[in-house]
Structure formats: structure tokens, C-alpha cells
Amino acid sequence: MPTFNDFLILLPEAYLTVAACVILLMDAFLKGGQRVAIHWLSIIVLLVGAWLVIDGQPATAVSGFSGMFIRDPVAEILKVFSLLTTALMFIYSRGYLRDRNINEGEYYALTLFAVIGIMVLVSAGSLVTVYLGLELLTLSSYALVALNRDSKLSSEAAIKYFVLGALASGMLLYGMSMIYGATHSLDLATILHVQNVEWRNLMLFGVVFAIVGIGFKLGAAPFHMWIPDVYQGAPTAVTIFIGTAQKIAAFGMAYRLLDSGLGAYAHEWRMMLAVLAVLSLAIGNLLAIVQTNLKRLLAYSTISHMGFLLLGLVEANPAGYSAAMFYAISYALTSAAAFGIILAMSRAGFECEEIDDFKGLNQRSPWFAFLMMLVMFSLAGVPPLFGFFGKLLVLQSAIDAGFLWLAVVGAVFAIIGLYYYLRVVKVMYFDAPVEGTDVRAQPDMPLRFVLSLNALALLALGIAWGPLFAWCQRAFGITA
Amino acid sequence: MDLSLSVLITIALAPLVGALLAGLFGRVIGRVGSHCVTILGVGIACALSIHVLWQLVSGDAKNFNQDVYTWFQAGNLHVSVGFMVDRLTAMMMVVVTFVSLLVHVYTIGYMADDPGYQRFFSYISLFTFSMLMLVMSNNFMQLFFGWEAVGLVSYLLIGFWYKKPTAIYANLKAFVVNRVGDFGFLLGIAAVLYFLNTLDYATAFDSAGALTGRAITVVGGHAWPAATVIGVLLFIGAMGKSAQVPLHVWLPDSMEGPTPISALIHAATMVTAGIFMVARMSPLFEMSEGALSFILVIGATTALFTGLIGIVQNDIKRVIAYSTLSQLGYMTVALGVSAYSGAVFHLMTHAFFKALLFLGAGSVIIGMHHEQDMRYMGGLRKYMPVTWITMWIGSLALAGTPFFAGFYSKDAIIEAVGESHRWGAGYAYFCVMAGVFVTSLYSFRLLYMTFHGAERFTVVGHHGHGHAAHGHAAVVGGQSIHSDPGHDAHGHDAADEHKEDSHHTPGELEHAPSESPWVVTVPLILLAIPSLLIGFFTVGPMLYGGWFGKAIHVEEQNNVLGELARDFHGATAAALHGFIQLPFLLALAGFIVATVIYLFKPALADSIKRALHPIWRVLDKKYWVDEVYFAIFAKGGVKLGRAFWRGGDAAVIDGVLIDGSASLVERIASGGRRLQSGFLYHYAFAMILGLILLLGGYWLVGQG
Amino acid sequence: MLAEYWPVLLFIAVAIGLGIALLVIGLLAGTSRPTAEKLAPYECGFEAFEDARMKFDVRYYLIAILFIIFDLEIAFLFPWATVFSDLGVIALVEMGLFLLLLVIGFAYVWKKGALEWE
């Protein structure tokens, strides 16, 4: 029987649900001029949500609803960063949505529901909760991708995303049913402690199918095919969501399923993840090189980054998880800034997403060229930026896990990856602008300010990455 | 009561905040805003530093040593940010922030119309931050950070007028020469880590004894004692930063920077970083007689031979620059005879009077509308009385006149050298003795040529400029063009070949010289006070009273200052005694010679110059050090680089590694691109394939 | 325990077998004399005048989706109602929240005009 206490554990999610409903209704009932309020209200809602998450965080892990919902430090960190990156995204997206007459209300409401999905997902204590959170997240995401109804590209991307997503969901669900069949339980903690599984093969098939679901959500090769099309087709204001908060969610899902539930099969799934990691690194980095569209380039870059994230997971112990979580956060913050810059450069009727659009940016908006350079360096993993330490930590965990060859592959592809990130920098600083274009940043002050902070934070967190990493480590029970 | 960590953090960060505000938002907060925030930042740092020093001196607080933040840990390499504050550190903090504060104020006047006003303030605040990080550090890594950071700011400031080719050349030179030193320094730090397994000061110093008997084979099969290797390598770093022969060549050229910088960085603080470092590392250096002898000889050479060059210079700033080199040599000599306290004491007194001299020179330069050549000055005392008096005080201190600050510190060094029995002490004793005469000679020569005698300039008034409005704009603009006289294209200059420039004829001023504004003169006065008094009040405790406590470690058999302490009976007695000592007589001789030649019989100077032409030429060319460096290192380096570029880079690396691998990658990528067909069923098929791959892989693994 | 599913498997096997058997018997036993008229698509006696693959108005889907949601609501309410008395106040509150969310969605749909055909 659920008690009042269970609802208290759920407070941040409950609060966000109420807020999302309010915003949904505001969208329906407010008139034109008043709708600006929705924007600011959404941001405040997210920030208050983050505060509720931190403030109400119990000292040790607690669970509610008969163990279906877990509130522990891991979930806390993942939620806080999901909420914060989503807030960043809202700030970056305002001008973009307004210029394109995209229904802002639906955008905010759907995103908030998706964020609730993330929060449920990363707090999942049972297979059902995993699936519930995942579906809430992905269903909202499908609709978000299709938000720009007049764009063919957007609709096509949404259909692809939906069909493949349904396929992946189906496989995940199938895997869950096998796991249930083998262990007679949906509760992750119970599954973890089932001794002498009767149908070991069935269980392992379940693990494989679960990994397919996780791989799809992460966008790891060969379950990555949707990523480039969706990244490019979706409105940039939505792509940023898929590139930031969703990656954090995917890490959370992987951790919950693989460690909290299937930790006993680590020996088997580590190998599979290693295979996915190599494929992702190879495909992501190699195909990124030939891209001319920046959003597509970032899509392939995501695939390669997920390869790196998997390097942390293969260690399959708290040290590896904390490295992977740190990596997910560093990637989310960096890619938020990357898409933020694309949003800042776009105008009505003009999507600044071709790499050629960035030619000679330094001459027009030197500050933004500088920020973009920071972002690219961080993505590439150039010290002392944030991304460098993320890479360092996951490579180290791959080595600690005994996967030295994997770390070597990772390092080689990190160097190959350097090429296409530096190309963007080169284009901005050394090429002449394309005739007849005039790409410069929007004069939106909140955007400029927050974006600058975001990009500079990459530098600051690169120099002072200790506290954040220590926080991640503490969440997994490592005390320095 | 202990020192508060938050106070120390505030000291370090206040200037940084000022620098960031002025640097990033300089355009927003404007000129007044910029100098207000930076002065506020440095002012806070200065006030708190004095507070910290007071707490330590009064015994209220214990020495502070604590890590603040761990940056990373890899194996036994623990890299952190931390503070070690004892009396040595606190004294340096006060010197740095106090001089910096005055330079900030002074800059308001000096840079008044420069377009880079905010940038300048940002840099000097940044410098203050870097220097504080350097002196407050409790480990080698942070020391190195500060070391490099001050080097960077120095580079930026020497090239502050970045449109001026000579300035760019000078900052490049400073950077490259310092790189040589830093390379040694880094190797030294690596050696410390290698032998002592730590980068933390306290741990390293405590375990310094472990170096005894350890050796390392560097080249040629000869095993060197570890302590000597560490000492020499670390000192090579100090040679770069503190401009010791043969790495001294950058310092005179650094005078291309604005004068406040010459005062702050290239006289009072940064260049003394090397001295401070050696004093801080005294437990390590004490382990090696060899390293100390090396230091002693280098220092002595610097002290005498760079001083000699100072006699033939005509650019007012360059005279003081060579004087700085010479004084740094004195400090180094003191280090070499284990008189670390003497070195640090001289460092402190020198900081005050040398900053004073530089700022005074700057004041003269302002008054002369950016004329720096002393041959076109003379008789300025009636135009600029405050500058005149304060410069006299500074010069008397520099020359070592009893009761002045410089007397106590310099006399102690000379006597300490006399007491020492270390290898090279005899040579050093001769150098520092002769150096006294030289110092006195060039100091008074400068004073006479600048402030006394006949006016060697004429005022040709232009019309149409209001005087006040004209002031510094022309001044700064003037300097940027006019300072090239000191150099030819390669910077190994002949300072006397004063080329004409298109704007004005040397010695012709548009307006009569006039005293500088209060923001310039007040710092002069404030610096004149310690130049006069600080030695008298601090010599007892600081030099002979064991004031530095455990901060400075001297082995009993090396304790020359301890020997001297027995003969010390108070500052007054020491000064009175000083009047009958050889150094004073030598200084007096220098004074008399200078007076005769430059005040009473100016014609004599030329005839002496002709009579001693070969010597004059050697000095004027500065022993051809620059030419040799240029011919060997610069040209040789270019040739070597060209060879590597042609053979190695273009052929092997570009041809095979870069282009070869790039085209391979490109081919793979464009093949892989076809997989991303855009068809939904292809995508779904890929997923199913992936599933089968995993299942199959599991099956294979499961079977095997 | 998988043995409990044995009847189900049997049932499926029988169903498939029976279906195939009936088709095969018809094919083998029946006479087959096809003509053009016999092979034409049967459309209530009318001539076939349109392709069978036609586009539906997207509004049908909209209505269908909305219908499913409220249909599921009923499907959820029935089992809840049968055990309601055992579950207590919390269950009432929970169901209230569920219905409230549906009402909010309904209000949104209504206000946005999704229920209007034109």
C-alpha cells in the first residue's frame, strides 16, 4: 500500500507534473501577448524543480511504492543536470521558436513531460518504472521532433524516430519479459539477488534485448541510425534536448538496468558494451569527417561520445560508473553550448547549420567564434577543457577494467575526432566569409549571457573538475 | 589564533577579480571604473597582507601550511593548490602588494591617455595575482604556475605597445630566454619529484636529508650528486627569471614596456622571484656545496660586469635596468654564500628603492615629453623638485650610503662574502667590492646628467596645442615612435646612436619640462620613505635576529650571517661603523669621480671615453653577448628548423603520416556514408543485425 | 512452471493446424473454374470504381486516439472499482489524480479545437 511518505519521495516529480499541466493549460487559455510568461515560467519551474531535488534529497537512498521508485544520490545528480540543461535549452530556444512560429506552449509542455519521464526513468526501481519513464520520455520526444509541422524534414525525422523507437521499445519490453520469465520478478533489486536462475539462457537473451534498448536510447552503433536524421531533421531547439538531457537519461537507464538489475551478468554485458563502444567510436568519428552540416556532424560526434561513455560502463564498478556519469554530464553541458551557438546564429528563415555558414565568424562575432572554439575543443577533449577530463577518466576506467585495447582504440579515435572539430575552428578563424551571407549572433541578451556562461563554464569546470567528480564518486559510494 | 584561510584566498583572488573585471568588462566600466576596481583589489590584498605580516610578527598566528584544493592525483603525484605562509612569504606579499598598489596609482598618471588603459590595469592586476600565487605556494607545481604566469604577464607587458616592432622583438626575446631558464626549472622540479617523491614543500624539505649520497648520471658516465643536480637545475630557472649572466640579455630590452612595468615587474618583484625561490628552497640548496658555488660565481659575475655596462648607457631607463641586473647579482651572491636572509633583505630594500628610481625615471620621462636620452636632459631639478629629491634618496640608498636602506642590506652581503670560505668566495668578494664603486659611479652619473648641470634641451613652442590637453597623448604617442632609438633591427643596440625620427629633433621640446601630477609624485614620496628608513628599522631582527625562523634553513657550518651577528650592535652603530669601512670609501670614490666628470668638467667625459676607447667599446657592445647568441642560437636554430621542416616534416610527417592517413580515413568515411541511406527499413535492418550480432556474440562466448 | 503454458501451445498448434487443414481440403476437394467475372473484386454488387488503398482524413486518427485514451480510462476504472473497498482512501486519491490529469488533457484538447470536425 502506498503511503503519504511515498508521495513525499516523489515530490519533485509530482511538482513538475502539476507545473507541466499548468503550463499546458496556460498555453490553451492565454492570449498572444501574455504567452511570454510561459517561457519564463517554464524556466523557473525547472530551476525550482532542481532546488526541490537537491533540497529534499535524503542522506541515504530511500525507495517508495514498494521499491518501484528509488531516490538516491545517483538519481539526484542525474535529475539536477537534466533539469539544468533543459533550462539552458529553454533560454537558448526562445528566439528560434518565435522566429519560426512554432507552437511554444506545446514545446514547453512536452519538454516538461519528457523531463518528468527522465526523472522517473533515472529513479526506476523496477522494470515497469523503467519502461514507464522511458515511454513518457520518448513519446514526448516523438511529438517534439515533429513540432515543426510544416517542415518535411522534421516530419520525416519524427516518423523514423517513432518507428525505430517503437522497434527498440518492443525489443526492450521483450527482453524485460524474458527477464521476468527467468526470475519471476519485476523488481530490480530482487532480480539482482536471484540465485541460480532456472533459465540462464533465457535470462541472457533478456540481457541482450535490454542492451538493444539501452543502445538505442544512447544512440550507440549499430542502433544509431536514427541519430543523424533526427538531429538534422528536428528543429534545433528540440535537437538540443535529444543531445543533452536525453543522454543523461540514457546513462541513468543503463545504470539502473545493467547495474541495479543485471549486475550479476556484468561479465557478459561488459563484452557486449565493449563491442558497441568500438563500433560507435569508429562509425561516429569516421562518418563525422565527411559531414558538411554541423547538426549532422554533431550527431555523429554524439555517437562517438556515447562510445566513450560506454568505456566507463564496461568497468562495471562504482569507479567506472562515476567516470561515465561525469562524462555524460560533461557531454551534456558541452553539447548544450554547441547547439546554443547554432540557435544563437539562426534567424527567421535562416538555419545556421552548415559548416560553411561559420566561415569567417571571427570577423563578425569574435566572441561567439571564441565560445564555439571552446566548445569544439571541449568536444574534442583538448586540455584543460571539461571534455578532456571526461575522456581521461573513462579511458582510465577502461584500462582499470582490463580493456587496454579498448582504451587504445578510444585514444586513436579521439585523435581522429580532433580533425573535424578543429575543422570548424579553422573555418571560423581562417576562412573568408561566404559572399552575401551575414551570419551573426542574435541580440538576445539573456541568450548571449547564459550561453557565454555555459561555454566559459567548460573552461572553468575543466580547470576545477575535482568537486564535480568527487560529487559523482560520492553518489556511487566512493569516498576520496 | 591561526591565519584565516579565507583571508589568504581573498589576498590572492582580489587582484584577479580586479584584473578580470578590467580586462573583460573594461569597455563597459570605463577608465575610471577600471582603475578603481583594480586599485581596490590590490588595495585589499595589500591591507590584508600587512595584517597577515603583523599577525605573524606579533606572534599572534602560527605559520600556515595547508592545501586548499586538490587539482588531480595520479599515482604519487599529488597536485594541489595550497598556501604556505610564514614570515618570508608574508614579507614578500607585503612588498609585492605595496609596490603594486603604488604602481597602480602611478599608472593613472603615466598612462592617462593611452588607448590601452583598461588592458594595462588588467595586466598589472593579473601580474599581482600571479606573483602572489608564486610566493604563497606550498608546492612546486603551483610555484611553477605562478612562475609561468608572471612570465606570461611580463611578456604581455613588454609588448604592451604591440604596434612597436622593438617592443615585439623585446618581448619575444624575453620569452625565449626565459624559456631556457624555465626548461631547467622544470627539469629541477622533475628531479625533486624523482628523488623525493613529492612536490609539497614541507615534505620535500623534511626529507631533503635523503638526498645525501644519492647520485644521478647525467652525461658522459659521470655521476653527479643529486642535490647538486637539483640545485643547479632549479637555479637555472632562477637565472632566467632573475636575469643572471648569461641569461640576462632580456632584461635591458624589457625596458621597451611602459615604465610602471619596468618598476613593478622588471625591478621590484618578478625578477626577484628567482631569489625568493632559492631562499625558499634553502633546505635543498644547503645540501650541495657545488650548487651554491655555482650560484656564487654566476651572481658575482652578474653583479660586477652588468654594472659596468650601466656606466656607458645614455638611456635613463637602461641605466637603471643595468643597475637592477647588478643588484640582482648581489642578491644571488648572498644566496651563494648561504646568507639567504641577506639576499631576501636586500631584495626587500631593493624593491623599494629600485621601484622609486624607476618611477622617478618615468616621472622624468613624462616631464621631458618622452625623451629618454640623458644627453638631452640636465638641470631638471628646478622644474621637477619632488622627482629630484626622491631620486636622490633612491640613488643614495642604491649606492649604499650609511643609514639608508641599501646600506644595511648591501653591507651585510659584502661582509657575508668576506666571511665565507666557499669555493669562489674570493672572486665574489672582489666583484662585489668593485661593484660598489661602479654602482656609485653610474648612480651619480645618472643624477648629474639628469638633474644638474646645464640644460641640454631647448624649448621650441609649437602653437595650437593647449598644454594640458597635449600632455600625455603626445607623450605616449611620442614614446611609441621615439623609443626605437635604443635599438637597431636586432635589438642589440647602440644606445648612443640616437637616430633622428621624423617627429622631433632630440633635445627640442615643445614645452618646458614640468613636475608630474600628484598621482605620480605621491607614490614617489611613499616609496622614498621606506627607501630611507626600512633598513634601519628591520636590519636587526631580519638579518641577525633569526626573524625568518624555520622558513630559511642554514647548515651550521655555512652560517656566515651568524658570524656577523656577533659583531652587530644595533643599526646606528652599524651605520656609524660603515663610514670607515672599505665599501663606503669605494662608494665615496665613485661619487667623487662622478661629480668631477659629470658635474664640474663635462668635457672630461669625452676625453676619457676617447682614451679608453677599446674598453668603452666592449662595454657599449655589452661584451657582444647578444651578437653571439644571435649568430649561434637564432641563426643556427633557424637552419636546424629548416632542415627538420624540409626533411622530416614535409616529407615524412606531412606526406606519409598526415596526408596518407587522412586520405585513408576519408575513403573509409565516404564508404561508410552510404550505409546511412535515409531509408527507414535499412535502419531497422541495421538494428536487427546489431541484435543478431550481440546474440551471436553471446552465443560464441557462451560456448567458449 | 513453463509447463503450465503447455495447453496454450497445444491450443495454438491446433488452431494453426485446423486453419491450414480447412484451406487445403477446400483446395483439393473443390472444383475450380475461374472466369474474369468471378475473379473481379466483389463490392456489394457494384463495379469497382476506386482503389482500395485510399487516404483517410487525419481527423479520424485524432478521434481514434482520443477514443482509445478514454476507453483505457474505463478499462482502468473497472478493476479498480471491484477492489476499491480494500484499497482505502489512498486509492481514491490516486484515481482522483488520474482522472484530473485526463480532465486537464480533455480541457486542453477541447480548447485547442481538436474535437471540432471542421
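This is a predicted model: local features need pLDDT of at least 70, side-chain atom pairs count only at pLDDT 80 or more; totals for chains, interfaces and linings use all residues.
1. Along the sequence the pattern reads α-α-α-α. Of the 118 residues of chain C, 0% count as buried.

2. Chain C does touch chain A. The contact involves 7 residues of chain C and 7 residues of chain A. On the chain C side, the class count is 5 nonpolar, no polar and 2 charged residues.

3. Chain B has 27 helices and 6 strands. It has 704 residues, and 53% of them count as buried.

4. Now the nonpolar cores. The largest one has 222 residues. Leu132(B), Val333(B), Ala355(B) and Val432(B) touch the most other members. Helix 15 of chain B gives the most to this core, with 18 residues. A second, separate core has 212 residues, and it includes Leu127(A), Phe251(A), Leu273(A) and Leu393(A).

5. Leu132(B) deserves a look of its own. Setting aside neighbours within four places in sequence, Leu132(B) is in contact with Ile11(B), Ala12(B) and Pro15(B), among others. The list also includes Ala45(B), Met93(B) and Val96(B).

6. Helix 15 of chain B also packs against another helix. How do helix 15 (residues 340-367) and helix 17 (residues 405-419) of chain B cross? Their axes come within 9 Å, at roughly 150°. The cut-off for roughly antiparallel is an angle over 145 degrees, so helix 15 of chain B is roughly antiparallel to helix 17 of chain B. The crossing is left-handed.

7. The residues behind that contact are as follows. Helix 15 of chain B supplies Gly342(B), Phe345(B), His346(B), Thr349(B), Phe352(B) and Phe353(B). Helix 17 of chain B answers with Ala405(B), Gly406(B), Ser409(B), Lys410(B), Ala412(B), Ile413(B) and Ala416(B). By class, the contact has 7 nonpolar, 5 polar and 1 charged residues.

8. A helix pair in chain A can be read the same way. Helix 10 (residues 226-233) and helix 14 (residues 294-313) of chain A have axes that come within 8 Å and cross at roughly 145°. This crossing is right-handed. From helix 10 of chain A come Ile227(A), Pro228(A), Tyr231(A) and Gln232(A). They meet Lys295(A), Arg296(A), Leu298(A), Ala299(A), Tyr300(A), Thr302(A) and Ile303(A) in helix 14 of chain A. The contact divides into 7 nonpolar, 2 polar and 2 charged residues.

9. Why is helix 11 (residues 236-243) of chain A described as largely enclosed by the rest of the structure? Because 8 of the 8 residues in this helix are buried. They are Thr236(A), Ala237(A), Val238(A), Thr239(A), Ile240(A), Phe241(A), Ile242(A) and Gly243(A).

10. Last, a loop residue. Met111(B) sits between helix 3 (87-110) and helix 4 (117-136) of chain B. Is Met111(B) buried or exposed? Met111(B) counts as buried because its C-beta has 25 neighbours inside 10 Å, and the threshold is 20 or more. Beyond its neighbours within four places in sequence, Met111(B) is in contact with Tyr117(B), Phe120(B) and Pro258(B). Thr259(B) is 148 residues away from Met111(B) in sequence, yet the C-alpha to C-alpha distance is 9.5 Å.

Conventions: Residues are numbered from 1 along each chain as its sequence is written. Chains are lettered from A and ligands numbered from 1 in the order in which they are written. Helices (H or I, at least four residues) and strands (E, at least two) are DSSP runs, numbered from the N terminus. A residue is buried if 20 or more other C-beta atoms lie within 10 Å of its own, exposed if 12 or fewer, and partly exposed in between; C-beta atoms are placed from the backbone. Two residues are in contact if their C-beta atoms, placed from the backbone, lie within 7 Å. Axes are lines fitted to C-alpha atoms, for helices over the stretch in contact, and angles run from 0 to 180 degrees between N-to-C directions. A crossing is left-handed if the near helix is turned anticlockwise from the far one by less than a right angle, and right-handed if clockwise. Ala, Val, Leu, Ile, Met, Phe, Trp, Tyr, Cys and Pro count as nonpolar, Asp, Glu, Lys and Arg as charged, and the others, Gly among them, as polar. Angles under 35 degrees count as roughly parallel, over 145 as roughly antiparallel, 65 to 115 as roughly perpendicular and the rest as oblique. A nonpolar core is a set of buried Ala, Val, Leu, Ile, Met, Phe, Trp, Tyr and Cys residues joined through C-beta atoms within 7 Å.
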